[in-house]
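Visitor: I am new here and would like a tour. Could you take me through it step by step?
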Amino acid sequence: MGRSADWGRIRAIAWKDLTAERRSKAGFYSVAALGITILVLFGFALGPDTRALRDAAVGALWLAVFFAGVLTFNRSYQVELDSGALDTLLLYGGGRWTIFTGKLLANLAFVMMMLVIVLIVGAVLFQVEVPAQWPTLLAVLALGVIGLVTLGTFYAAMASRSRAREVLLPLLLFPMMVPVLLAAIQASKALFGADLMQESGAWMRLLVAYDLVFLIITHLAFEYVIEV
Amino acid sequence: MTAVTLPVALPRTSRWPWFGAFAFLFLITSQALAIITSPADRDMGDLQKIMYVHVPSAWITMLSFFVVLVFSVRYLWQRRENDDLLAASAAEVGATFNGLTLVLGMLWGRPTWGVWWTWDARLTSTLVLFLIFVGYLSLRAFIDEPVRRAQWSAAVGILGAINVPIVYLSVRWWRTLHQVQSSPSTVDPLYVLFLRANAFAFLFVMIYFIRQRYEAARIERDAELAAQAVALGGR
């Protein structure tokens, strides 16, 4: 049971999840459509003043990704539960953390793709101009999504198997996401404003620290969550 | 339908009621002394006296959630049901004090700052903390299977506790208005003395509450176990 065996398991689970998504397609498009719908609703709530929209664009974009992402995480376990596949998955040898890593990678790919669509639509709807430091902005987006997906995949392992999964997952997840939301929004805002105060760096370090802390802890704790 | 007599041992003789009486007497005494003896604040006048309930309850909130962390870790380590019940009791008591802190803070903020609420670092992170533990208690409420409830809520409790400093840091960078902690050297010694006395009073009340909630939870679990034994054809 070496490192390559673990990696094989992780890859198999991520591949399985992504293949299932690719073949059904409905899941991805409906979640992306929901993300766009939320953006449009934010537009109605804040608009139609262009400047107000532009100021609120970053926050609206992140919240749209949050709300749409939540549906992804529960689905990721729900498809396993519906066919009784989770029990079989648990019977395989090797560390169970590999199940978590595999699902995390699949969800990461899924949410990233959704983010791209929501981002493009959001930039058009809210009339946002791409800033000069767009590579840094991409890093902020990636770090924020990693934080969201890590905790989302972890809490969904519990919420999807409880009685009230629709309300439980956001209730557990969103308060925990406050640092990610603040850091991602503040860093993105700074970058859109050309980052004159150089403040995006501090927020990015906070995001990196948050992602590392929770990647490690969720991997350690997953065994306890999935075994019962 | 005849009632089934459940073989649950109720703790009848114990020193805890005496401890409870002591805790509340101590609380009443130290509150009364604090309110009577402390001089009116130069800026806030008598409003300052809210400090004797607001500050101790904020401290006790943090302490309760630390107790949740300790018992959650110990549960995952040793798998003893009592640790889980103690963590849950501490979370309930902590959430209560947390709510009390928020409400008292608003009552104090309105006359001194002129607003009920402001998006300041400590206010906001206290509110986020409250929401995290509301999530913890909802999770417990929605899961019936005891081992699953215990392991899941231990994980959620530990993650929530770890997030507290990160939330605080992020919100502090975001904005700040709350005054910095006064150090004992800058305020009247009488304030300090009675603030400390009231902190101990709140501590005793917290211990008593956690103990009471724990006993209730223990009795509930024993009743469940006994009912199961009866259903399985035991006594």
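Guide: Let us begin with a term: a residue is buried if 20 or more other C-beta atoms lie within 10 Å of its own, exposed if 12 or fewer, and partly exposed in between, with C-beta atoms placed from the backbone. This is a predicted model, where local features need pLDDT of at least 70, side-chain atom pairs count only at pLDDT 80 or more, and totals for chains, interfaces and linings use all residues. Residues are numbered from 1 along each chain as its sequence is written, while chains are lettered from A and ligands numbered from 1 in the order in which they are written.

Visitor: How far apart are the C-alpha atoms of V208(A) and V140(A)?
Guide: V208(A) belongs to helix α9 of chain A. V208(A) has 15 other C-beta atoms within 10 Å, so this residue is partly exposed. V208(A) and V140(A) are 68 residues apart along the chain, and their C-alpha atoms are separated by 9.4 Å.

Visitor: At what angle do the axes of helix α5 and helix α9 of chain A cross?
Guide: Two packed helices are described by the angle between their axes and the distance between the axes. Axes are lines fitted to C-alpha atoms, for helices over the stretch in contact, and angles run from 0 to 180 degrees between N-to-C directions. For α5 (residues 97-125) and α9 (residues 200-226) of chain A, the axes come within 8 Å and cross at roughly 115°. Since 65 to 115 degrees counts as roughly perpendicular (under 35 is roughly parallel, over 145 roughly antiparallel and the rest oblique), α5(A) is roughly perpendicular to α9(A).

Visitor: Which residues of α9(A) make the contact with α5(A)?
Guide: Two residues are in contact if their C-beta atoms, placed from the backbone, lie within 7 Å. From α5(A) come W97(A), I99(A) and F100(A), and they meet T218(A), H219(A), F222(A), E223(A) and I226(A) of α9(A).

Visitor: Which helix gives the most to the side of chain B that touches chain A?
Guide: Here 25 residues of chain B are in contact with 23 residues of chain A. On the chain B side, α4 (121-142) and α5 (146-174) each supply at least two residues. With 16 residues, the one that gives the most is α5(B).

Conventions. Helices (H or I, at least four residues) and strands (E, at least two) are DSSP runs, numbered from the N terminus.
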